[in-house]
Amino acid sequence: MTLDADWAERWVRRTAVAVADAKDELTELDRQIGDGDHGENMDRGFRAVVARLDDAAAQPAGADERTVGDVLKLVATTLMSTVGGASGPLYGTAYLRAAKVSGRPQIDPPAVVAVLEAALEGVSSRGKATVGEKTMVDAWQPAVDAAEAAARDGGSEVDVLRAAAEAADKAATATIPMVATKGRASYLGERSAGHEDPGARSTALVLGAALAAALS
Ligand code: ADP
Ligand code: MG
Ligand code: MG
C-alpha cells in the first residue's frame, strides 16, 4: 500500500463520512461533559473540507505532483476557518503540523509516525494539555506510541496505521473514568468522570479512517 496524496484524500473523505455517521454520538458525549456541539462542529468542518476537495478535483491538475501535505494543509485551513470552539484550532493545528512533515508525494512507515507525532505536538502545544487531562491528547499520545512501536518492529504502512487506530480506539474508551482538567469538561471537576471525552472519540474516528483509507 502506497500512502500518497490520493490516500490522504480518501482518508479525509472517510473521516467526513465517519464523523457524519457519529455526529449524534459525539454531540451526546459532549452534552454529558461539555456544551453539546462536538458532533455539529466536526461535521460542519469536514463537510467544508469535502466541498473544497470537490472544488479542487474539478480544477485542471497543476504541473507539480500533489503531496500528502497539500491535502492535510487544505484540511487544516478549512477546519480553522469553519469550526468554532476548541476543536477547530486544535485539529487545525494538528493537520497543519502534520502537513509540514509530509510535503512529499508519498510517505513510508517512519514518515507516518512523524505525521502522527506532529499532529500530537500540534494538539498538545495549542491546548497546553498533557496525558491524563481527559482530552483528545489522551487518544493521540497512545496512538503515536503504538505507531512508533509498530514502525520500530518493521511494520508496513498498514501495520503502523492499524496500531495507531486500535490504540486510539481503546484510549478513547479509557478516558471514561478520568477527571477533566482542561477544556470545558474541567468546569465539572469530579463530575466529568464516568463519560467518554468527545474529542478523544473523534480522534479515534480520524485514525480509524486513516487505516480504512489504506485498506481500500
Ligand atoms: P468546545 O469545547 O469549545 O465546545 P468541542 O466540543 O468541539 O469544542 O471540542 C471539545 C473537545 O476538545 C474535548 O472533548 C477535548 O477532547 C478537546 N479539548 C478541549 N480543550 C482542550 C485542550 N486544552 N487541549 C486538548 N484538547 C482539548
Ligand atoms: Mg463542545
Ligand atoms: Mg462549543
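**Figure 1. K128 in the loop between helix 6 and helix 7.** K128 occupies the loop that joins helix 6 to helix 7, the latter running over residues 137–152. In this predicted model, K128 has a positive phi of about 50°, although K128 is not a glycine. K128 is classed as exposed because 9 other C-beta atoms lie within 10 Å, against a cut-off of 12 or fewer for that class.

**Figure 2. K134 in the loop between helix 6 and helix 7.** K134 also has its place in the loop between these two helices. Its phi is near 60°, a positive value in a residue other than glycine. K134 counts as buried because it has 28 C-beta neighbours inside 10 Å, where 20 or more are required.

**Figure 3. S124 and its surroundings.** S124 is part of helix 6. S124 is buried, since 21 C-beta neighbours lie inside 10 Å. Leaving aside residues up to four places away in sequence, S124 touches A129, T130 and V137. The C-alpha atoms of S124 and A94 are 8.9 Å apart in space, while the two residues are 30 apart in sequence.

**Figure 4. The shell around ligand 1.** Ligand 1 is surrounded by 24 residues, the closest being G85, S87, G127, G183 and G199. Helix 9 gives the most, with three residues.

**Figure 5. The largest nonpolar core.** This core contains 71 residues, of which Y95, L116, A143, A147, A164, A168 and A210 touch the most other members. Helix 9 provides the largest share of the core, ten residues. Helix 9 is also the element that gives the most to the shell around ligand 1. For A210, the contacts beyond four places in sequence are with W11, L161 and A165.

**Figure 6. Helix 4 and the elements that cover it.** Helix 4 consists of 15 residues, 68–82, which should span 21 Å at 1.5 Å a residue; the end C-alpha atoms are 22 Å apart, so the two values agree. The buried residues of helix 4 are V68, G69, V71, L72, L74, V75, A76, T78 and L79. Among the elements that cover these buried residues are strand 1 (3–4), helix 1 (5–21), helix 3, helix 5 and strand 2 (106–107).

**Figure 7. The protein chain as the setting of the close-up views.** The protein chain has nine helices and two strands, arranged along the sequence in the pattern β-α-α-α-α-α-β-α-α-α-α. The C-alpha atoms fill a box of roughly 55 × 40 × 30 Å along the principal axes. The radius of gyration is 16 Å, which agrees with a compact globule, because a globule of 216 residues would have a value near 17 Å. Buried residues account for 56% of the 216 residues. Of the contacts between residues at least 6 apart in sequence, 69% join residues at least 24 apart.

Terms used
Residues are numbered from 1 along each chain as its sequence is written. Chains are lettered from A and ligands numbered from 1 in the order in which they are written. This is a predicted model: local features need pLDDT of at least 70, side-chain atom pairs count only at pLDDT 80 or more; totals for chains, interfaces and linings use all residues. A residue is near a molecule or strand if its C-beta atom, placed from the backbone, lies within 6 Å of it. Helices (H or I, at least four residues) and strands (E, at least two) are DSSP runs, numbered from the N terminus. The radius of gyration is taken over C-alpha atoms; the globule rule is 2.2 Å times the number of residues to the power 0.38. Two residues are in contact if their C-beta atoms, placed from the backbone, lie within 7 Å. A nonpolar core is a set of buried Ala, Val, Leu, Ile, Met, Phe, Trp, Tyr and Cys residues joined through C-beta atoms within 7 Å. The expected span of a helix is 1.5 Å times one less than its number of residues.
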